[in-house]
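Work through the following exercises with the model open beside the text.

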Amino acid sequence: MSFTDEEIEAARKLFAGPVAFLKSAPKLEHLPAPVAPEVAFAGRSNVGKSSLLNALTNRNGLARTSNTPGRTQELNFFDVGQPLAFRLVDMPGYGFAKAPKDMVRQWRYLVNDFLRGRDVLKRCLVLIDSRHGIKEVDREILGMLDKAAVSYRIVLTKADKIKATDLAAVTRATEEEARKRPAAHPDIIATSSEGGMGIAELRAAVLEAVNA
Ligand SMILES: Nc1nc2c(ncn2[C@@H]2O[C@H](COP(=O)(O)OP(=O)(O)O)[C@@H](O)[C@H]2O)c(=O)[nH]1
Ligand SMILES: [Mg+2]
């Protein structure tokens with residue numbers, strides 16, 4: 001994973017400009033018109049997705065952070081840039097213990113249909129808690145992305161919560177698994193929404209996806 005200073009700066013500028021919530025889509029018929037490239041964020045509930053979206057965009061209240069996992073079963077769209085440059089999509093979280101069966105089924109249909117049918121979707125960033133690494137619940141979405149042939153990159157979250165040696169180990173193990181997966185980018189990015197680690201690179205990775 002390496003970006004030039006120019007790429008980092010271009011991404012910083014874009015994310016420092018206008019970012020606005022567009023809409024929530026609980027069903028596919030509510031999707032906004034596909035008029036701009038999209039980069040989607042996926043991850044199990046509580047992985048730190050809302051915090052990361054807030055850190056990326058430097059806006060505290062943009063994506064709601066909460067300790068009540070699994071509430072949102074909808075796709076949330078955010079416009080970046082004016083004129084519109086691209087959209088961020090906050091995908092519904094998965095893998096929380098007490099999810100009723102219907103909710104899991106609804107998640108699966110919504111996400112699968114979105115991944116398969118969304119021509120403007122450039123890439124998905126799949127968030128993995130750096131304390132846990134890739135778990136079985138994560139492999140379902142990774143498999144869906146591989147089958148739908150949507151390119152994706154794995155992003156480790158909450159890197160401030162573990163020791164540097166453990167972070168190096170989980171990074172290595174995660175990259176090893178990513179290399180075996182057909183639609184996965186081989187390099188991963190370790191981030192912390194608290195300390196800011198990896199945030200500038202992640203912005204550049206989003207822009208790289210938009211321009212791919
Ligand atoms: N230490 C630390 N805590 C984090 C980080 N990101 C998120 N959290 C915490 O993890 C919990 C879940 O975060 P949230 O963004 O709501 O997760 P989401 O369910 O994936 O949207 C919250 O208590 C956050 O404050 C991080 O980078 N470092
Ligand atoms: Mg959230």
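**Exercise 1. Determine which residues His185 touches, and whether His185 is buried or exposed.**

Step 1. Leaving aside residues up to four places away in sequence, His185 touches Arg123, Tyr152, Arg153, Ala178 and Glu208, where contact means heavy atoms within 4.5 Å.

Step 2. His185 belongs to the loop between H5 and strand E7 (189–190); helices (H or I, at least four residues) and strands (E, at least two) are DSSP runs, numbered from the N terminus.

Step 3. With a relative accessibility of 19%, His185 counts as buried, since buried means under 20% relative accessible area, exposed over 50%, and partly exposed in between, computed with a 1.4 Å probe on protein chains only.

Step 4. A polar atom of the His185 side chain lies 3.1 Å from the backbone nitrogen of Asp187; a polar contact is a pair of N or O atoms within 3.5 Å, where within protein one must be able to donate a hydrogen and the other to accept it, and residues adjacent in sequence count only if both atoms are side-chain atoms.

A note on the conventions: this is a predicted model, in which local features need pLDDT of at least 70 and side-chain atom pairs count only at pLDDT 80 or more, while totals for chains, interfaces and linings use all residues. Residues are numbered from 1 along each chain as its sequence is written, chains are lettered from A and ligands numbered from 1 in the order in which they are written, and side-chain values use heavy atoms, with hydrogens and water left out.

**Exercise 2. Find which members of the largest nonpolar core touch the most other members, and which elements give two or more residues to this core.**

Step 1. The largest nonpolar core has 36 residues, of which Met91, Leu115, Cys124, Val126, Ile141 and Tyr152 touch the most other members; such a core is a set of buried Ala, Val, Leu, Ile, Met, Phe, Trp, Tyr and Cys residues joined through side-chain atoms within 4.5 Å.

Step 2. Two or more residues each come from the strands E2 (38–43), E3 (75–80), E5 (121–129) and E6 (152–157), and from the helices H3 (101–117), H4 (136–148) and H5 (164–179).

Step 3. Another core lies apart from this one and comprises 29 residues, among them Ala11, Ala55, Ala63 and Val155.

Step 4. Returning to Tyr152, its contacts beyond four places in sequence include Cys124, Val126, Leu142, Leu145 and His185.

**Exercise 3. Describe which residues are closest to ligand 1, and which polar contacts Asn46, Lys49 and Asp160 make with the ligand.**

Step 1. Ligand 1 is surrounded by 17 residues, the closest being Asn46, Lys49, Ser51, Asp160 and Ser193; a residue is near a molecule if one of its heavy atoms lies within 4 Å of it.

Step 2. A backbone N or O atom of Asn46 is 2.8 Å from an oxygen atom of the ligand, and a polar backbone atom of Lys49 also lies 2.8 Å from a ligand oxygen.

Step 3. From Asp160, a polar side-chain atom lies 2.7 Å from a nitrogen atom of ligand 1.

Step 4. On its own, ligand 1 has 580 Å² of accessible area, and the protein covers 82% of it.

Step 5. Asn46 itself lies in the loop between E2 and helix H2 (49–57), has a positive phi of about 80° although it is not a glycine, and is partly exposed at a relative accessible area of 45%.

**Exercise 4. Locate Ser130 and identify which backbone oxygen its side chain reaches.**

Step 1. Ser130 sits in the loop between E5 and H4 and is buried, with a relative accessible area of 3%.

Step 2. Its side chain reaches the backbone oxygen of Thr157 at 2.7 Å.

Step 3. Beyond four places in sequence, Ser130 touches Leu156, Thr157, Lys158, Ala159, Ile162, Leu167 and Val170.

How values were computed:
Accessible areas come from the Shrake-Rupley method with a 1.4 Å probe; for residues, only the protein chains shown count as cover.
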